[in-house]
Amino acid sequence: MMNKDIEKMHRLLDKFYAGETDEGEEALLADFFATHRDLGEMETDRIIFGQLYGAMPENAPEGLEERLERHIDRLAEDGKRQRQGLTLWIRRYVMSAAAAVMVCCITGTMLYKAGVFDNFPPQHSQAIAVDTYDNPQMAAEATEMALLKFSKALNKGLKPLQ
């Protein structure tokens with residue numbers, strides 16, 4: 001083994017650890033480490049390349065690689081199915097909600113056009129807005145109490161969703 005070869009391998013190793021090598025250079029390094037033993041300071045690099053580019057261990061059962069590939073493919077397919085199922089459930093939920101809103105709007109429009117909401121006495125349709133409080137401070141307090149009551153009821157209703 002020539003000193004020139006070792007220097008070239010050192011340069012390639014520096015490039016490899018910097019992430020700048022191509023497949024050919026990595027194959028050259030792997031071949032070098034596969035054919036040379038007893039490299040001294042480069043022994044750790046030889047072990048790394050042996051694990052990265054070496055063959056399957058001799059004591060591995062026959063067909064292990066194919067079984068692993070099939071298992072990985074099956075897991076990937078199961079993941080796709082789960083995502084598709086969730087997406088389908090969300091689509092159904094959104095479409096159902098949209099259909100319900102549409103039915104309510106159409107029913108309300110039909111009832112309005114049919115005059116169902118016109119059965120109120122004339123004085124109700126011409127009511128004039130009148131202040132219920134003379135004191136603005138009391139009106140503000142009553143508004144705050146009403147909003148607080150509404151907020152508590154809303155939070156109580158949303159609690160099961162959390």
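1. Where does Thr-21 lie? Thr-21 sits in the loop between α1 and α2. The model is predicted, and the points below should be read with that in mind.

2. Thr-21 counts as buried, because its relative accessibility is 14% and the cut-off for buried is under 20%. Its side chain makes a polar contact of 2.9 Å with the side chain of Glu-26. Setting aside neighbours within four places in sequence, Thr-21 is in contact with Leu-12, Lys-15, Phe-16 and Glu-26. Two of these names return in the core: Leu-12 and Phe-16 are both members.

3. The largest nonpolar core has eleven residues. They are Met-9, Leu-12, Leu-13, Phe-16, Leu-29, Ala-30, Phe-32, Phe-33, Leu-39, Met-42 and Phe-49. Two elements give two or more residues to this core: α1 (3–17) and α2 (23–35). The loop that holds Thr-21 runs between these helices.

4. Which aromatic rings pair up? Phe-16 and Tyr-17 do. A search of the whole structure finds one aromatic pair, and this is it: edge-to-face, 5.4 Å centre to centre, with 65 degrees between the planes. The angle is over 60 degrees, so the pair is classed as edge-to-face.

5. Phe-16 is buried, at a relative accessible area of 16%. Tyr-17 is partly exposed, at 46%.

6. Not counting residues up to four places away in sequence, Ala-30 touches Phe-49 and Tyr-53.

7. Asp-31 has its place in helix α2. Asp-31 is partly exposed, because its relative accessibility is 46%, between the limits of 20% and 50%. How far apart are Asp-31 and Phe-49? In sequence they are separated by 18 residues; in space the C-alpha to C-alpha distance is 9.1 Å.

8. Now the chain as a whole. The protein chain has six helices and zero strands. Its pattern along the sequence is α-α-α-α-α-α. Of its 162 residues, 10% count as buried. Accessible surface comes to about 14500 Å², and carbon and sulfur atoms account for 59% of that. Among contacts between residues at least 6 apart in sequence, 31% join residues at least 24 apart.

9. Mean pLDDT is 79, and 82% of residues reach 70 or more. Among the elements, helix α6 (residues 136–158) has the highest mean, 87. Helix α5 (residues 122–125) has the lowest, 55. Where pLDDT is low, predicted coordinates should not be read in detail.

Key:
Residues numbered from 1 in each chain as written. Predicted model: local features only at pLDDT ≥ 70, side-chain atom pairs only at ≥ 80, totals over all residues. Heavy atoms only, no water. Phe/Tyr/Trp six-rings, centres within 6.5 Å; stacked < 30°, edge-to-face > 60°. Buried < 20%, exposed > 50% of the residue type's maximum accessible area, 1.4 Å probe, protein only. Core = buried A, V, L, I, M, F, W, Y, C linked by side-chain atoms within 4.5 Å. Helix = DSSP H or I, 4+ residues; strand = E, 2+ residues; numbered from the N terminus. Contact = heavy atoms within 4.5 Å. pLDDT = per-residue confidence, 0-100. Areas by Shrake-Rupley, 256 points an atom, 1.4 Å probe, with all protein chains shown as cover. Polar contact = N/O pair within 3.5 Å; in protein donor to acceptor, adjacent residues only side chain to side chain.
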